[in-house]
There are 2 protein chains.
Amino acid sequence: MTTDIEIARAATLRPMPEIAAKLDIPEEALIPYGRDKAKLDAAYIDGLNGRDPGKLILVTAISPTPAGEGKTTTTVGLGDGLARIGKRTAICIREASLGPNFGMKGGAAGGGRAQVVPMESMNLHFTGDFHAIGAAHNLLAAMIDNHIYWGNSLEIDERRVSWKRVVDMNDRALRDIVVSLGGVANGFPRQTGFDITVASEVMACLCLSRDLAELQERLGRIVVAYRRDRSPITCADIGADGAMVVLLKDAMQPNLVQTLEGTPAFVHGGPFANIAHGCNSVIATQSALKLADYVVTEAGFGADLGAEKFFDIKCRKAGLTPSAAVVVATVRALKMNGGVAKADLGEENVAAVEKGCANLARHIANTKGFGVPVVVAINHFTADTEAEIAAVRAAAEAQGVEAVLCTHWADGGAGAEALAETIVALTEGASHFAPLYPDDMSLFEKIETIARRIYHAGEVIADKKIRDQLRDWEAAGYRDLPICMAKTQYSFSSDPALIGAPEGHTLPIREVRLSAGAGFVVVICGEIMTMPGLPRHPAAEKIGLDDEGRITGLF
Amino acid sequence: MTTDIEIARAATLRPMPEIAAKLDIPEEALIPYGRDKAKLDAAYIDGLNGRDPGKLILVTAISPTPAGEGKTTTTVGLGDGLARIGKRTAICIREASLGPNFGMKGGAAGGGRAQVVPMESMNLHFTGDFHAIGAAHNLLAAMIDNHIYWGNSLEIDERRVSWKRVVDMNDRALRDIVVSLGGVANGFPRQTGFDITVASEVMACLCLSRDLAELQERLGRIVVAYRRDRSPITCADIGADGAMVVLLKDAMQPNLVQTLEGTPAFVHGGPFANIAHGCNSVIATQSALKLADYVVTEAGFGADLGAEKFFDIKCRKAGLTPSAAVVVATVRALKMNGGVAKADLGEENVAAVEKGCANLARHIANTKGFGVPVVVAINHFTADTEAEIAAVRAAAEAQGVEAVLCTHWADGGAGAEALAETIVALTEGASHFAPLYPDDMSLFEKIETIARRIYHAGEVIADKKIRDQLRDWEAAGYRDLPICMAKTQYSFSSDPALIGAPEGHTLPIREVRLSAGAGFVVVICGEIMTMPGLPRHPAAEKIGLDDEGRITGLF
């Protein structure tokens, strides 16, 4: 069998001006980065203002399982499918984090014949955006400790510095550290740590800003520390926002690459999907919408987290109106949601598929609840049987939506033409999109709304400290912020073992965090890791160059 | 007066293919990075093998003072001057470190009408090389702690891990830290720290390697830790060298930009000039020599450090034969070397110039001692008087070398045409270049040779521990390595206050370090800072974008 990397390497990439021309982007608007990547010039993007937007299609999925559902693959396949049926199409996905590639084998962008290329560069430094985000983040950190060092006129409580440092590497040794040891010249010792770069609030700010001016405002609002009286100190108080935006000037320009079939793909931004909203940048999505008639994008994790945040955070804040949503499912993943062990996935098991479809059904209902037309994409695996596929179709029809069998992994865009036709039909009418909750609802009520309506939880548990914290933030002017839920992606509940469609469970809130720059309140339910570690035998041990200078072991 | 940044911004940059064509580099050999930067394709560089090299001109200087001597400016001016008189010329200089720009105002590459552009990008992320070096360095660090975490089969003594982490930021809080706090899941607590990225041995390895294969060998040889029995553990033992070279694949390709007058400039690599050798990459210099008839390059600090390391480390290891050296001096800096305070530099003071010329004379004699023809470039300031300039000429003539007055800062390449003509004449004969000491001399004798012949020190002081360490390394196979001296740049001695040309001083060795990957023994005389801090009011506070989106406060 041909692997993803073999397919990607065998591809002949088209010159970037040719890809751009598909969206009538002139060559002068491209800033080349290598031979097969370009950034879109900021001045050109400004000039797009006032254009009518195209239709925005969200690709989301059932609750993930180790069997895989193929969300990115379907995003790419649908984009290629729309292009094949003559629609002016662009894809918008996230950039990959560098560090995790050295732990486990790296993830491609898509798979099979539905991939975005150049795959190797996209999994390494790409256009340097994440390095720029790391530098901006760490400049702010250095300026905070420097402010304390030179007299601390802002009266920062050294025990209450919430701004950590970041590195794009899986490095557990940096999770919890003490800095400024070694005497007077090195500052005041205090305990802190590093997160991985994609967990940086700078990343979330960049991804939610329409332009550099908004980015600077968001950066300036980031709360970095507190005084002894608990009053907050912001990035603007430290005076770092201007220099940070200078470091992010190039990173703010969306990256343009291509699918294997030459469909334009914007790959830009990559915020964590737990403590942040997990979607590509607003500026990429908005630019794509002004350039294409159909824009296919995706959101992290299953629809309970990814689609909910896409709608309630990204669309709400950026004023986007999604025209349709695709819920991706595989027979294999539905079987696992129906209780089948991974080793037994090769056997036909219609009953397990039917059972697992409870998960699919709830994701469909939830997504429809946002007023957006829904279609199910069955991402086909060769072992799927007719009866199993029929069971998925029946479950979708019971929710009033169509399920379309897709073979883009094996066949590229041709395998998603039927899905593309369905999307065109679905989006002919007006969208009735509305977020789940109004801005002016209290923070705790917003959490309860998500828990009850999306997760089907019976109750939300939070101790007094957390409820008081939420009320304090409301009093400080943060009541209008949306909620960013951080919980396991494997279940509607906070317990990863509770697969399927659990009802009446309890959602315990462990911690709440204010991301005042990004503009949301993070609600943490369960253990959330913001700095991964490396496994016993990291992939890095096998990564290298072969005799012909090609990268091995990365994929 | 027009500032450097105003001049740089007013310049119309020529398209990169036009710059490359001056060296007959075909457009296909360029990998574009933005509109005005390109990398030279590795395969194209391989294809240059076997070509006869052009002439290599080193630009070095007297001992630096706060008055400035203008080494980079003269490198650029001479390059433009050679181009103006019809010579096929390239310039090779170092890349700038990002972090320090946020402390003090950033340094341009050159000044006045003798600059390399695009200046802003070169002082920010440029083509991402330093970010790649940081990532490779920190991957190795993460893998060391990960190895210990998962059972430590190599038996690393956690107290003797010499490999620190790096960040391209001035951040004193990270100099001395304790990592792996917080319990079992985060590893074994130990004390370590961060250096600034340019101090990484990965940087030195990249800058001394001819190709990726040699780079991987050097990375593999880096000593990262010791066992309890003091036996060394290398990067190859950890298994990180392959993945590191993958991270550095693009960074290894030299960057091509241009001077204000359109002369091709390779800007690649930037190792520290104290704990490393302080020159641009071997691969850039060697590529330039195969493409141009004259290659003008520079080395860090004054000639006692910069030129000595250029000759004894870079030229020795890469098999380069320099054809001539330019010693840059300014009347102002000579006056300061003659004892004049900075406030009094505006007054004519021929006696002080004559006194300061003792410093110039020794640098000339030292440089001639390597068998390389020498010329003095007097980098002209408007306040210089005829009599002062005559004094410099006389001092040079007393050493048997010509001193040429240069006005490239004000006039661009036209102001360095006379210097260019002198260089052409000087390099018509064969160079008799030879390093200062043979490979097989003992390490301590090498140190003494540099101290006596270059610094005119009376004796070298080192305690038994240091002498034993050097002997241990000799026994372990490192006897053939050259020495990399780390001492103050402001004096021939280790005392920065001892200006002019001190004789018979004592050189105290504080510490020796093995850079087995880079391939030298670092000898530290005095305090060497490998992680700078930010000042009370860092430049970052004033850096930002103006209403037209231009960067302010960086320069």
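Buried means under 20% relative accessible area, exposed over 50%, and partly exposed in between, with a 1.4 Å probe and protein chains only.

A word on the source. This is a predicted model, in which local features need pLDDT of at least 70 and side-chain atom pairs count only at pLDDT 80 or more, while totals for chains, interfaces and linings use all residues. Residues are numbered from 1 along each chain as its sequence is written, chains are lettered from A and ligands numbered from 1 in the order in which they are written, and side-chain values use heavy atoms, with hydrogens and water left out.

I turn to the interface. The size of an interface is often given as the accessible area lost when the parts come together. Between chain B and chain A, the buried area (accessible area, 1.4 Å probe, lost by two parts on being put together and summed over both) is about 5,400 Å², and carbon and sulfur atoms give 65% of it. Chain B and chain A each bring 65 residues to the contact.

How many salt bridges cross this interface? The rule finds four, a salt bridge being a side-chain nitrogen of Lys or Arg within 4 Å of a carboxyl oxygen of Asp or Glu. The side chains of B:Arg35 and A:Asp41 form a salt bridge at 3.0 Å, N to O. On the side of chain B that touches chain A, helix 6 of chain B gives the largest share, 10 residues. Helices (H or I, at least four residues) and strands (E, at least two) are DSSP runs, numbered from the N terminus.

In helix 7, residues 201–208, eight of the eight residues are buried. B:Ser200 caps the N-terminal end of helix 7, with a side-chain oxygen 2.9 Å from the backbone nitrogen of B:Val202. In helix 17, residues 417–426, the buried residues are B:Leu419, B:Ala420, B:Thr422, B:Ile423 and B:Val424. They pack against several elements of chain B, including helix 4 (71–84) and strand 3 (55–61).

A:Thr259 lies in strand 13, residues 255–259. Is A:Thr259 buried or exposed? A:Thr259 is buried, because its relative accessible area is 0%. Its side chain makes a polar contact with that of A:Asp80 at 2.7 Å.

A:Arg362, in helix 14 (residues 350–368), counts as buried because its relative accessibility is 6%. Among the residues that A:Arg362 touches are A:Tyr455, A:Phe492 and A:Glu503.

A:Ser494 sits in the loop between strand 20 (483–486) and strand 21 (505–508) of chain A. A:Ser494 and A:Pro508 are 14 residues apart in sequence, with their C-alpha atoms 7.6 Å apart in space.

Notes
Contact = heavy atoms within 4.5 Å. Polar contact = N/O pair within 3.5 Å; in protein donor to acceptor, adjacent residues only side chain to side chain. Lists of a residue's contacts leave out its neighbours within four places in sequence.
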